[in-house]
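Subject: Structure handover

Hello,

Here is the structure you were waiting for. Please load it first, then read the notes below.

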Amino acid sequence: MADSDIPGTPPLLLPDEIHQAIRPGTALLRLETTQSREGLLDGAWWPRTREIETELPALISTLTEHLGPITRVGVDASAWNALPARLVIDGQVVHLDSDPVGDDTVLITRGHNDHFALLVVPPGTTADAAREAMARAVRADNITQAAQILIATPPEPAR
């Protein structure tokens with residue numbers, strides 16, 4: 001049951017402009033300026049494919065603009081077609097770690113110990129399902145794990 005289904009709970013919706021802008025390859029972030037990170041996820045990413053060498057550079061470039069240099073990325077290697085040990089993105093070396101985080105999550109490390117967890121919306125997900133999943137992931141009060149968000153918003157079968 002979504003929070004919006006609970007009587008008396010007002011829905012926390014993203015502005016219409018964001019819904020219109022969400023397309024495959026989009027990163028949607030909730031960046032907080034405080035030390036408090038109460039939600040489980042800090043953002044969401046909807047890659048176009050499972051080719052990490054193709055998809056990751058745009059995500060890292062965008063994150064670097066907002067967060068500063070990204071040093072490591074942790075992904076579940078089984079979710080991607082190939083996982084190199086490192087990539088050079090915008091002249092910076094980014095190390096890729098095979099973490100058992102599941103195919104629904106990517107871990108971003110800034111500096112030595114500052115971590116951000118992003119929901120990964122599977123390629124091929126319909127736009128409506130992706131928007132819903134990404135909106136839930138970036139809510140500051142989200143306590144739903146990535147896998148559960150995706151189960152609640154499954155991709156429609158290909159026709």
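**Salt bridges**

A search of the whole structure turns up three salt bridges. Keep in mind that this is a predicted model.

R72 has 33% relative accessibility, so it counts as partly exposed. D97 has 22%, so it also counts as partly exposed; the cut-off for buried is under 20%.

Next comes R110 with D114, whose side chains meet at 2.1 Å, N to O. R110 is partly exposed because its relative accessibility is 27%.

The remaining bridge is R131 to D128, at 3.3 Å between the closest N and O atoms. Both residues lie in helix 3 (residues 127-137), three residues apart, or about one turn of the helix. D128 reaches 59% relative accessibility, so it counts as exposed.

**Overall layout**

The protein has four helices and seven strands. From the N terminus on, the order is α-β-β-α-β-β-β-β-β-α-α. Of its 159 residues, 40% count as buried. The accessible surface comes to about 9,000 Å², and carbon and sulfur atoms account for 52% of that. Take the contacts between residues at least 6 apart in sequence: 60% of them join residues at least 24 apart.

**Strand pairing**

Strand 5 has two pairings to check. With strand 3 it pairs in the parallel sense, over four bridges. There, V75 has S98 of strand 5 as its bridge partner. With strand 4 it pairs in the antiparallel sense, also over four bridges. I89 stands opposite Q92 in strand 5. The hairpin of strand 4 and strand 5 has two residues between the strands, and D90 takes a positive phi near 55° in this hairpin.

**Cores**

In soluble globular proteins, nonpolar side chains tend to be buried together. Which residues touch the most other members of the largest nonpolar core here? They are L56, I60, V73, V106 and I108, out of 21 residues in that core. Helix 2 (52-67), strand 3, strand 4 (86-89), strand 5, strand 6 (105-110) and strand 7 (114-120) each supply at least two residues. Helix 2 gives the largest share, six residues. Apart from this core lies another, of 13 residues, including W46, V121, M134 and A146.

Leaving out residues up to four places away in sequence, V73 touches L56, I60, V94, H95, L96, D97, V106, L107 and I108.

Just after helix 2, G68 takes a positive phi of about 95°.

Best wishes

How values were computed. Residues numbered from 1 in each chain as written. Predicted model: local features only at pLDDT ≥ 70, side-chain atom pairs only at ≥ 80, totals over all residues. Heavy atoms only, no water. Salt bridge = Lys/Arg side-chain N within 4 Å of Asp/Glu carboxyl O. Buried < 20%, exposed > 50% of the residue type's maximum accessible area, 1.4 Å probe, protein only. Core = buried A, V, L, I, M, F, W, Y, C linked by side-chain atoms within 4.5 Å. Contact = heavy atoms within 4.5 Å. Areas by Shrake-Rupley, 256 points an atom, 1.4 Å probe, with all protein chains shown as cover. Pairing = 2+ DSSP bridges.
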